[in-house]
Amino acid sequence: MSTSHVTPGRLRAPLAHGLYDPDAERDACGFAFVATLRGTPGRDIVDAGLTALLNLDHRGAVGAEEDSGDGAGILTQIPDAFLRDVVDAELPPAGHYAIGLAFLPVDADERERAVAAVETIAAEEKLDVLAWRDVVVTADLVGPTARASMPVFRQLVVADPARELSGIDLDRRTFRLRRRAEREAGLYFASLSARTLTYKGMLTTGQLEPFFADLSDPRYASEIVLVHSRFSTNTFPSWELAQPFRMIAHNGEINTVRGNRNWVAAREGMMHSDLLGDLAPLLPVCTPGGSDSGSFDEVLELLHLAGRSLPHAMMMMIPEAWENHAQMDPERRAFYAYHSTLIEPWDGPAAMTFTDGTLIGSMQDRNGLRPGRYWVTEDGLVVCASEVGVLDLDPATVVAKGRLEPGKMFLVDTRRGRIVADEVIKGELAAQRPYAEWMRDNAVHLEQLPEREHVAHSTASVRRRQRTFGYTEEELKIILAPMGTNAAEPLGAMGSDTPVAVLSSRPRLLFDYFTQMFAQVTNPPLDAIREELVTAIGGAIGPEPNLLTDGPEHARKLVLPFPVIDNDQLAKIVHVARQPDLGFRATTIRGLYRVDGGGAALQARLEEIFAEVDAAIADGVSFLVLSDRNSDADHAPIPSLLLLSAVHHHTLRRHTRTQISLVVEAGDVREVHHVALLIGYGAAAVNPYLAMETVEDMARRGYLPGVAPEKAVANLIKALGKGVLKVMSKMGISTMASYRGAQVFEAIGLSHALVDRYFTGTTSRLDGVGLDVIAAEVAARHADAYPASGNRQPHQSLAVGGEYQWRRGGEEHLFDPETVFRLQHSTRTRQYDVFRQYTQRVDDQSSRLMTLRGLLRFKEGVRQPVPIDEVEPVDSIIKRFSTGAMSYGSISAEAHETLAVAMNHLGARSNTGEGGEDPERLHDPERRSRIKQVASGRFGVTSEYLTFADDLQIKLAQGAKPGEGGQLPGHKVYPWVAQTRHSTPGVGLISPPPHHDIYSIEDLKQLIHDLKNANPKARVHTKLVSEFGVGTVAAGCAKAHADVVLISGHDGGTGASPLTSLKHAGTPWEIGLAETQQTLVLNDLRDRVVVQVDGQLKTGRDVVIGALLGAEEFGFATAPLVVSGCVMMRVCHLDTCPVGVATQNPELRARFTGKPEFVETFFEYIAQEVREHLASIGFRSIEEAVGHVELLDTTAAVDHWKAAGLDLGPVLAVPEPKPGSSLHHVKDQDHGLERALD
């Protein structure tokens, strides 16, 4: 639906408010289609479809109002006999007129104007309006929310003046009418076609038929019926977002939709179609504000109406996994290879059902991550649905049945009365053009280009450039050396307790201001290890001609096997014009600017670069190499990400983006996260030249024992590429082509002006720094390489770093030696005054900013302070505390049991983590953990395990590594650990990133129900990680009947995690918690769930801020471990913990000095601090304080060169609850256990 033309009477999701953003809307659904092969339409098919829809009720959802559904709809053939009786006009023969359901304004004057506008457009498009028919509806069926936004329903009937056009030819003309009506009159049509008719709305599955009286009429007949039931995590479902759309019904989510939309928009400049006429009035193809499924439907419809068959268009947009399929027919493989040069896959979990009114079919995404089943009966009835049981079929009559397979198509041709096999469909399409010949004659592989001479650089040259780009000794040791040696991404432990980039007092790379988004619940992450077959990391680059035509010119591409290229491969591309017969040309754009000019000079240079890029495109250049080489004392490198994204979005705005490919030659790239960002913002290939020269130099000087220089470079490339594949997989994206330009990142601390100009479409919710600060950070690094005195010696050492481990003179850490000492000393000697010194150092961030909550303060004078003896007691507050999910295996039995005993003594909760629990402890009320975690690996999960629990926690994501599964290295899987986990000693345990039985919100709903049946007394938690959109996911969890929703911060601890995830995935809990609270309150769902928060909570002040932002329970993990003896060595993954906390080695475990009473003292002191803070701001209990965000304010006049630009207003936005609703949990979920069959 358009956001630029909004008609009253149509529901529009509320504008972004606070942290709620309608762009975060997600949905997952159920679908079914029923068709007959007998060749005649029937009422029985419509009835069967409506029955199937009723049986999809569990796939839909309702919010706080039971009679306002998320959406239901039905698509059929045109019911010609019925329409001839009810339309007050003489209709042409069947197929020669088109009809569609219009959603008209409620206001009579506006409705009249809309109707007049449509009739004017119809005349301009050479269509006669035959009739407007009022559609009878039963309005009082739906709830207040649905009724308040309900439009007026009328059907428009049109035909061409000569009554000659029919079927798809007429649909091409009505397509123009519908698109123009949407853009020029703000009018929504559910459909407008000569072949199909749709009824849909903000309804439950049981409301659809009684709401639309037409659907109950015995004269309404069809050969096909497609139905859909919607489950939206979104706070505000709408009439327009219900499915089916014009050609599809979709169960799933398009993870790459932002990039897909960008690329479609970029291709609009080259699009033309003789069949559709002038496309300009119909653009943009993807309607702003539409859902991912809606955008898919719009692109599919365009491809189909422009001349391709519906199966052909579907295979283009959702190709099967062909890249690694060695046994695939060569002709079919050529078909996919050719079309990969036209359009990138719309990637994500999808069961997509499609129809043109004659053909109806369904297909799975390449991973098969959505359910689908089909049945065929002896009398020609065909049923396909997202689950078993939608129709009560006699098994004796079923002649064929099966499941939809990954990448396969199930197709029914009603005209020919047959089911068309997947091999037949694809074989016919692969044979219709000489795709193999086109690819053979036109595609050029990188290895075919002539070799270039390798250039080696001296240590002095490498060292100076390392300082220019801010390299540290720590990065060489912890990041680059492991990749150069092992060809794998390095691991770390214990989470992150350094400030995010915008709060750091040190100059940080622009990459650090971006955080990776990841899949949780509504769209699962991929299991890149076990599902490697369906991933593809290579791609083809080069100019793209008109998307709407087939021809050999599309195949003229340069094929790259890997997204990271070495210096010699880059040289091949730079000099590609020396083979003029290939038709490629490359030019290099120098990304340097005068460093003394600051932000103004940087901005001016970017504008100059835009002009250079435009000139190069006009000159026919194929490849633009964006390079930051050759900086000097006067000229500093533009951050490669800024340079790339600025050019990418400039060319997108000019619709010239698909005429060139962008290759990045960057000295600031040395981590997986950096490469992922560059590809995510449009890079065709990345050449991290300085990182390669660094490992080459390290190998030459013997710092990488046993590794030759050329092998070190190859290892680095492999590690970066594999790491990017893992980052893609976290977002549920399978192919590099889909990931390129997908922009699945969130910015933290970048100004809206900067993002809107250079990173358009990226989420940046807190405002922040602009080009002036970015230029200042560049200048600080540049000054280190080129000091004003000119005396810097090339051999001098780099900065120490200290980002991954505390180092004197390095980056600040919340847990440094001073805080660790004070915490351990105070809790072991029971000295509250020393504990207050510890918390004061953590809380007082006026001089050293560390966290977003450090920018907040309690408002004074809003409420009268209360005497502390009137505040709830310590033992009452402690009951809201739990320890984090630390598994037995990642930490020692002694540490694990110490935490459990302490929390049980206090009446609080400890958490097993995902490692199970030994039976001896399981049955001991003093030693067992009250929270049992159910994670994707299901280690140790048995019926007995579930029974002895007070809480069952479904781990959907983990703060330290969201989108990835838990990791326990093989050297930590001792026999006693393996026994508890039901695994094999010595074999590493990597949990799959997704739960393999949770691929959607409905699947989560089922698991919650199953766990509740297993232990009706236990609360069921869903553990989420803070990121953009977590509020809508939390709303979905509440609608799925979770009892507790846990929001974890990005900085949570872990026993082992790739460093990329540890530092660069997720957002601070302050943002995610505030978004969750705002969204749940707006949706009137807050009172039915308990909200919990965790992630580097260390003090009573942290707890109270969490409560005011919306949490009522609080998790602590790192701090209790430190109390138990942890000294933050961050070597948990190596099994070498020197204090016996995070090791299984019996000798090291003997050094464990922790005791339950130390942990008990910690929580008692925390609770006492909570009481003091509550008293000072006028609350007598945590429950009373929950959600009262108006008691928080931003710290006045923060003296910080970067943080001063931050706006925490969205975090502190006060949601407006509905009358009678609550800011905290007051009632339990209705799990419907009494209705369970088992």
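1. Two strands count as paired if DSSP finds at least two bridges between them. The points below apply that rule to a predicted model.

2. Start with strand S15, residues 409-413. S15 is mostly covered: five of its five residues are buried. Met-409, Leu-411 and Asp-413 point one way from the strand. Phe-410 and Val-412 point the other way. Note that Asp-413 is among the buried residues.

3. S15 pairs with strand S16, residues 418-420, in the antiparallel sense. Three bridges join these two strands. Within S16, Val-420 is the bridge partner of Leu-411. Leu-411 itself is buried.

4. The turn deserves a look. Four residues lie between the strands in the hairpin of S15 and S16. There Gly-417 takes a positive phi near 65°.

5. S15 also pairs with strand S11, residues 359-364. This pairing is antiparallel too, with five bridges. Ile-360 stands opposite Val-412 of S15. Val-412 is buried.

6. A separate item is the sheet containing S17. Which order do its strands take? The order is S17-S21-S20, in an open sheet of three strands with mixed pairing. The edge strands are S17 (444-445) and S20 (539-541), and each pairs on one side only.

7. Within that sheet, consider S17 and S21. Strand S21 covers residues 558-560. S17 and S21 run parallel and share two bridges. Val-444 has Leu-558 in S21 as its bridge partner.

How values were computed
Residues numbered from 1 in each chain as written. Predicted model: local features only at pLDDT ≥ 70, side-chain atom pairs only at ≥ 80, totals over all residues. Heavy atoms only, no water. Buried < 20%, exposed > 50% of the residue type's maximum accessible area, 1.4 Å probe, protein only.
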